[in-house]
Amino acid sequence: MAIELVPLPLPATADASKFADFGREVKGINPGVLGPEEFKEIREALYKHDALLFRDVTLTPEQQYSLTKAFDPDSESYGHGNNKTEGTKKSILHPDLKTIPRVPQVQLIGNGTVYNHEGLAEAKLKHPSHTTFHKTRVSPEDEAKGVTRFYRWHIDAALYDLSPPRVTTLYGITVPKGPSQVCRYEDGTGDELPVPLGTTAFVSGRTMFDLLPPELKSLAVRSRVKYSPHPYVWMAPAHALSTGLGIESEGLELPLNELPPWEESKCKVFPIVWKNPVTGELHFQVHPCEGAKRDGALYPDGAHLNDLKEVRDILYKMQRPAIAPQLVYPHDWREKDLVLFHNRGVLHTVVGAFTPDQVRVFHQCNLAASDDPAGPSADDVKKWA
């Protein structure tokens with residue numbers, strides 16, 4: 001029997017015409033015990049729709065790892081390398097992740113203190129907050145009224161040595177209830193977005209590319225980005241923009257000689273747009289916060305832009321239209337929700353703020369891929385350049 005796919009419940013703010021193909025809820029199937037033919041349908045649906053939601057799922061860490069690995073059978077380690085994130089104390093990711101001991105590819109994320117959880121006697125979790133990462137912050141008075149921001153738009157990827165995961169799975173175990181919040185962009189546009197408490201927000205990389213004017217589409221299909229070695233350590237002292245879509249160019253990034261040991265051969269260079277393996281569509285996939293190395297690294301037709309601020313400004317101009325309020329899907333989490341998303345086709349971010357006593361428990365899994373993303377084909381370049 002074919003699986004049943006229904007459109008995701010869009011918020012009133014969404015432009016439904018831009019979500020015609022994005023996101024589906026999957027019904028009538030248990031994602032923890034998929035047979036080969038069922039998985040084939042799920043795989044095709046994920047790459048066509050970029051995000052899949054399963055409700056009321058009971059899923060062990062072993063099952064979550066197995067499901068994630070099925071999209072890339074040759075992958076093995078967590079997307080940032082097993083146990084590497086926690087060992088790198090300078091990384092901006094360090095406070096956010098705890099590893100499930102018996103399944104190190106699955107991470108425990110959330111907020112509050114959790115006891116006796118999957119082999120962890122005690123885990124102190126902290127929901128990432130813009131207040132510690134952005135150059136400016138929402139005032140405490142506004143925050144108390146429910147005003148918040150996007151934390152950090154990103155792709156799940158180490159961006160050094162390891163290849164970006166194909167798929168991320170997020171499983172909501174404990175979801176605190178509370179009033180909705182208002183996410184402000186505070187970039188002079190007046191844009192704001194009502195969001196559920198603790199939402200994960202998604203935007204489509206395909207829409208991001210489609211929105212570009214012809215001259216920027218031409219640039220996108222001809223360009224690559226080179227990432228810094230150990231990018232999450234490199235940019236840890238820096239501050240994010242108020243939209244969470246990039247870094248302020250203040251010269252605060254760590255000097256290369258202060259990074260952990262690194263090799264030039266392990267630095268990653270990726271096309272700006274990545275080709276969907278099922279639909280053939282192009283997705284604009286640049287990590288906004290780590291989107292350029294210390295020497296710039298945008299390469300249009302062999303040129304090398306070596307001014308970091310210039311590169312960041314160009315990328316921001318290309319990416320900002322796609323995070324407009326009407327193009328954001330803020331998922332309203334329920335307990336036992338499982339969301340699979342095409343990590344090479346979307347950007348996402350955590351949003352909002354919790355009090356220390358609001359306990360939130362999620363399991364996250366993504367695996368460093370067995371290959372790098374495919375860029376535009378010669379025909380794509382001919383079409384758009």
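The dialogue below takes up a few terms in turn and tests each against its definition.

Tutor: Please bear in mind that this is a predicted model.

Student: How do you know that the span of helix α8 agrees with its number of residues?

Tutor: Helix α8 comprises the 12 residues 308-319, which at 1.5 Å a residue should span 16 Å. The expected span is 1.5 Å times one less than the number of residues. The end C-alpha atoms of α8 are 16 Å apart, so the two values agree.

Student: Which residues of α8 are buried, and what puts them on the same side of the helix?

Tutor: The buried residues of α8 are L308, V311, R312, L315, M318 and Q319. They cover an arc of only 125° around the axis, and therefore lie on the same side of α8. Their cover includes the helices α5 (205-210), α6 (214-221) and α7 (231-234), together with the strands β15 (282-284) and β18 (346-350).

Student: Why is Q319 called buried?

Tutor: The relative accessible area of Q319 is 2%. Buried means under 20%, so Q319 qualifies. This residue of helix α8 is in contact with M208, L245, F284, V286, P288 and L347, leaving aside neighbours within four places in sequence.

Student: Is R320 to be called buried or exposed, and where does it lie?

Tutor: R320 lies in the loop between α8 and β16 (329-331). Its relative accessible area is 11%, and because the limit for buried is under 20%, R320 is buried. Residues up to four places away in sequence not counted, R320 touches Y185, D187, T189, D191, T243 and L245.

Student: What makes the pairing of R320 with T189 a polar contact?

Tutor: The side chains of R320 and T189 are joined at 3.4 Å. The cut-off is within 3.5 Å, so the distance meets it.

Student: How do you know that H117 counts as buried?

Tutor: H117, placed in strand β5, has a relative accessibility of 13%. That value is under 20%, and H117 therefore counts as buried. Apart from residues up to four places away in sequence, H117 touches I100, L108, I173, V361 and H363. The side chains of H117 and H363 are joined by a polar contact of 2.7 Å. H117 and I100 are 17 residues apart along the chain, and their C-alpha atoms are separated by 8.6 Å.

Student: What puts the buried residues of helix α2 on the same side?

Tutor: In helix α2 (residues 61-70), the buried residues are P61, Q64, Y65, L67 and T68. They cover an arc of only 165° around the axis, so they lie on the same side of α2. They pack against α1 (36-49), β4 (98-100), β5, β8 (167-174), β17 (338-342) and β19.

Student: How many cavities of 30 Å³ or more does the structure hold, and what lines the largest cavity?

Tutor: A search of the whole structure finds four cavities of 30 Å³ or more. The largest cavity contains about 370 Å³ of space. Its lining has 22 residues, and L97, I109, H154, V350 and Q364 lie nearest its centre. β5 (103-117), β18 and β19 (360-366) each supply at least two residues of that lining; β19 gives the most, with three residues.

Definitions and conventions
Residues are numbered from 1 along each chain as its sequence is written. This is a predicted model: local features need pLDDT of at least 70, side-chain atom pairs count only at pLDDT 80 or more; totals for chains, interfaces and linings use all residues. Side-chain values use heavy atoms; hydrogens and water are left out. Helices (H or I, at least four residues) and strands (E, at least two) are DSSP runs, numbered from the N terminus. Buried means under 20% relative accessible area, exposed over 50%, partly exposed in between (1.4 Å probe, protein chains only). The arc is that of the directions from the helix axis to the C-beta atoms. Contact means heavy atoms within 4.5 Å. On a 1 Å grid over the protein atoms alone, a cavity is a set of points where a 1.4 Å probe fits but cannot get out, and a pocket is an open set with protein on both sides within 12 Å along at least five of seven lines; lining residues have an atom within 4 Å of a point. Grid points are joined across faces, edges and corners, and a volume is the space filled by probe spheres set on the points. A polar contact is a pair of N or O atoms within 3.5 Å; within protein, one must be able to donate a hydrogen and the other to accept it, and residues adjacent in sequence count only if both atoms are side-chain atoms.
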